[in-house]
Every structure is written in structure tokens, then in C-alpha cells.
Amino acid sequence: MMLTQHCHCGRSHREVVCGETGEEGEEERYGCSLVCGRELNCGNHLCELSCHPAPCPPCPLLPAHVTACPCGATPLSALLSPDQSRTSCLDPVPTCNRSCGRVLPCSTKAEPHFCPAGCHEGPCPRCEKSRLVRCRCGRGSTRVECQNLEGIGDFVCDKPCNKMKSCGRHRCNTRCCMDANHQCTLVCGKRLRCGIHNCMEQCHRGHCEQCWEYSYEELTCHCGAEILYPPLPCGTRPPTCKRVCARMHSCDHNVFHSCHNEEECPPCTVLTVKMCMGEHEKRYNIPCHIADVSCGMPCGKDLPCGRHKCLKLCHRGACTDSLAQQCRQPCQTPRKYCSHVCGETCHVGSECPDIPCKAEVVLTCKCGRMKERVLCGASSSGIMQQAFHKILSKDLGAKIRDLQSGHSVSLGRVSLASLSRDKDSLDCDEVCAQIERNRTLAEALGITSPVLDPLESPLPKYPSTLLDQARRDTAVAASLEEELKSFVDSVMKSQGPGDQARRHKFQPMANHERRMVHELAPHYGCDSLSYDSEPLRHVTVSTKKCRAKFPTLSLMKMLDKERLKVATPTPVNLPSERGSSPGKISGPLEIERTKTPAVREPVTDYFADNLS
């Protein structure tokens, strides 16, 4: 039942259901949003409160209620004399000379605003300051003037929420979001276990439910012997059949696989005899399903040029490329001005081009010590001399690089005069003559050791770090090199196969000593690795008989040669006095001579290395 309910001031009413408001025995009234407006007990002012039950409060301007100025800072007794006291609510309330200081409605705990006007009656003027206003999600803020706070409403920022939704897959992209649950409203869309349909439920966590679609048709295997009767859940696979496959096959061999639901049958694995693709020979024990069989021999078919045969391994199809039918093999026609072949790309129907021959020839001197590989360069235009000059210029550049590295080289073999007049041999140089003299002298002295070419055995290039460390700690370097020499010597004298690796373990040593072994091992044909951790870290070297070698000059001998090259003071040859033996120095100089004996210049012995 609907009843008409009036407000307290009697200016508004509304329709409500009986019993929803008010208590039993009370008049059913409510408070509207209008100002009360009823006359106060003073008879001069109206009630300014919102609609409320009667009676209205007494007039706030009565002399009994007003005891201080409007701001409340100064009592009226200090502002009015006894003969000027207020007698009615219509008498004005005196003001003091202080500021109002009342808290304005726009104030907050973080930013309190106070009325800046002087002590006054009535409502305070509008605030002229600004206040920091936060958005509804609390992550954004902006500063707004207090006069515009009523029209701004709820401030909304531009920051997306980016929180994970309830499904755990999607994120909320709502700007200035106030949702606490973040329920995902999208469709799941995942493929169901049937493999045919998608999940149409609201996006969720975990596995999707099973597909609720059902089939009401019979499901059989491919041959129709096995049957599944409806209703069948969506995604049910055909039944398994153990009978032999009854399909048509490409070959006439017996079928050994059972009935299946795949469209293609398994390949036939019966072993057969097939001819290779190039029809060279028959290949045995080839599975039936393999169509292309290669024997691995060259094709050997005649190419379109009529001069060459196909060099590809046994293959199917044309021997030449479909885009370029021309033969790409080198021409084997002998050249006119030398014994080499043409070597250019096959050119049927045209003569061989008259260009310098690009084949390499070996030139030697008369004694056979010097050998040079050069281009033949033979042609009708006589470009042989230019080809020789080009090769010899390259050899000269290589020798200059060796000379800059500190090694001695012979420039006799790279001079243009080293070519003889007939251009088919090299002239012997000074080194050849020196070797011939040494050989003659060795025969005279009965020395059977071969005479070596000093230029053919260059000095080893030891790293500068190894040389510096060996100079500082000569005893340790000599011990390590001697141990490495013994290992290499035992490997070279072993009776086992040449490709069998052998290893040697050094004792644990310091870091700088291990570095010496690592840098010295390659000069003896060894590989080195460090194992274990400190303080048991050691080096293990390994090599094979076919790789083991000795350097032309050991590390210790190189250091000894460096010490001999150090400049020493030359002894002074003074004339001998009378009565003294020739060459003998007496007096104070004799004492100096005994203290610093003269050091003779080392004499080069070309047979020292051969006799040792």
C-alpha cells in the first residue's frame, strides 16, 4: 500500500510503501533538502537550517548567545562600553581589528585554508587559493583553484590500471580504474580437448571444461570392421583395427601393416634390387620405397660439347644446368708454346685464347739448393719475362718482412739477375758457393755429417715475455726446457705408431712458471693444458711422434748468444818495455790486466752444430 509522506517543513511530499519509514505511533515525516525558513522565537529572523523536526533552535544573534566578536577572538565587553551593550538580536555585533581565521570548507588535513578577511559577520568570502586534488584511483593528482572545486566533480587521471585480471592472462587497461576485483569479461577462446571447438565461457583460470558437443552417428575404422555406436563425445577418435590394411598400394609386395586412419600408408620396406640413376650397376638390398638410388660413381655421360664427360656423382636428370647448357669444364687441349693444357672454360667451335699460361713451374739453380715456383707465362706475345718479374717481386716483399722481423735473409735469389739467359733455371748465389766450399772442406777433414743451409733453418721466434722471464730466472727456465727436451726425445725414440698421443705431467708450479711451459711447448711440437686449482695447479704437455721436433736453437743457447753479443772493453796493446817479454805489460797496467782479462771475439764454427 502506498502512502503520501510529508516533510517536516510541509513544503514537500513523496510516495512510499506503508511501513518502510517511521515507527509505529509516530507521524511519518522526512527531511527534505530545502531550508527550514520558519520564524525563530525572536520574531525577527528565519531558521536557516535544512528541513528538520520542530521546534527550531533559538536565534543565534540574541544578546545572551553572542558574547564575543564574530571571529571569537575578542569578547564584547572589550569592544563595547556598558552603556552600549546589545539589547536585541537586531543590534549589530561589533568586530575587532583581527583577521577572521575561520576554517574554510575547501580545507583538508594536508592543506588547511583559513579566511584571510578581517573579522566579519555572515559567511566567509570564496577562497582564492588552490588545492591538490587526487583522482579516484589515487595515483594521479592535479592542482585546482578552490573556487572551481564545485564544478570539477570526480577528477580522472590518464594512467591505465595495468593490473592482472581474474583470468591471469589479460591486464586491465581502464584509465583511473576503481575496480577492486578486476573480473575479466572477455571470452576464453582456447581450443578444447576435442580439437574442434573453442571454449566460449568467460575468461578463466585453469583448464577448460570438456566439450559438450555430441555426435549421434556411428564411427568406424577405415575398413569398416570396427564400429563405435552413438552418442559419442566430440573428439572421439576412430576405433583401432588389427586387421591388415585393405587399401590399394603402389607396389605388389605383401602388406604387413594393420588398418590405420592416416591418409597415407607407411612406406614399403621390402628389400629389392634396383638400377642406379645413371644405369651403371644394380644395387642390392634397397628398400622398395626408395626411388632414387645412386651408386656413388661419376656419371660419365657425354656432355653437349662432345669433348668432356659429366663429372658429377651418379644422378638423375640432365648433366648440365637447365639455365646454362654450356660446358663449364676446363679445356684440355695442349698449348702451342708450352707443354701445358689450355685450362680455360670449354670453348667448342673456337680456338684456344692466346693468353699467358697460368700453370706453375719450378725453377732450380744448378746445385739444386734454390727452388722457385713461378707462372709459366708462355704465349705468342712473349709475356714470360713479366710473369717472372711479378713472382720475384712477391718473393722480395716476403724477404723484406723477414728482414724487418730480425732474421737474416739472402737477397741473391730474388734479384732479376738470378734468371739465366734461357729463363729455365736460376743462378747460384753466394750461399750456394759457401755450402760448396764447406762440403769440400768437410770431405777433406773426413766429416760425414751433411752440411746444412743456414738460410733453410731460421731462428725460432720465442715470445718476448718468455725471453724476459728466462733472463730473470735462468735456472728455472733451463730446468723446464731440459725436462721438455727429455719428454720430446723419448717420444721421438718410441717404437709405437706415429699418430699415438703421449703426455707428460709437470710438477705443480707458480703462475709465471706455467706460462713459460705454455709458451715453450709449441716450439717442441707439443700442446699444453693446465689442470687442477691452486696450489696443485700443474701443466700437462702432449704430442705425437709425427709432430715432435726440436727447435733449431734452444732457448738457453739463444740467451747465451745474447750474452756474447754484449759489448766488452777491448784490451789496450801497449809497446813492451826493454827486458820484458813481447806482449807482456808490467807495472800498474799488469794488475789491471789480471783483474779484467780480455775477452776474445767468438769465432764462427760452421761445423759446431753438425758435430754436436
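Strand β12 (residues 360–364) and strand β13 (residues 371–375) pair in the antiparallel sense through 5 bridges; pairing requires that DSSP finds at least two bridges between two strands. Across this pair, Leu-363 lies opposite Glu-372 of β13. The hairpin has 6 residues between its strands, and Gly-368 adopts a positive phi near 85 degrees there.

The model is predicted: local features need pLDDT of at least 70 and side-chain atom pairs count only at pLDDT 80 or more, while totals for chains, interfaces and linings use all residues. Residues are numbered from 1 along each chain as its sequence is written, and side-chain values use heavy atoms, without hydrogens and water.

Helices (H or I, at least four residues) and strands (E, at least two) are DSSP runs, numbered from the N terminus. In helix α8 (residues 555–564), the residues Leu-555, Met-556, Met-558 and Leu-559 are buried, meaning under 20% relative accessible area with a 1.4 Å probe, protein chains only. They lie on the same side of α8 because they cover an arc of only 160 degrees around the axis, taken from the directions from the helix axis to the C-beta atoms.

The chain contains 10 helices and 16 strands. Of its 612 residues, 28% count as buried. Among contacts (heavy atoms within 4.5 Å) with a separation of 6 or more, 33% join residues 24 or more positions apart.

Key
Buried means under 20% relative accessible area, exposed over 50%, partly exposed in between (1.4 Å probe, protein chains only).
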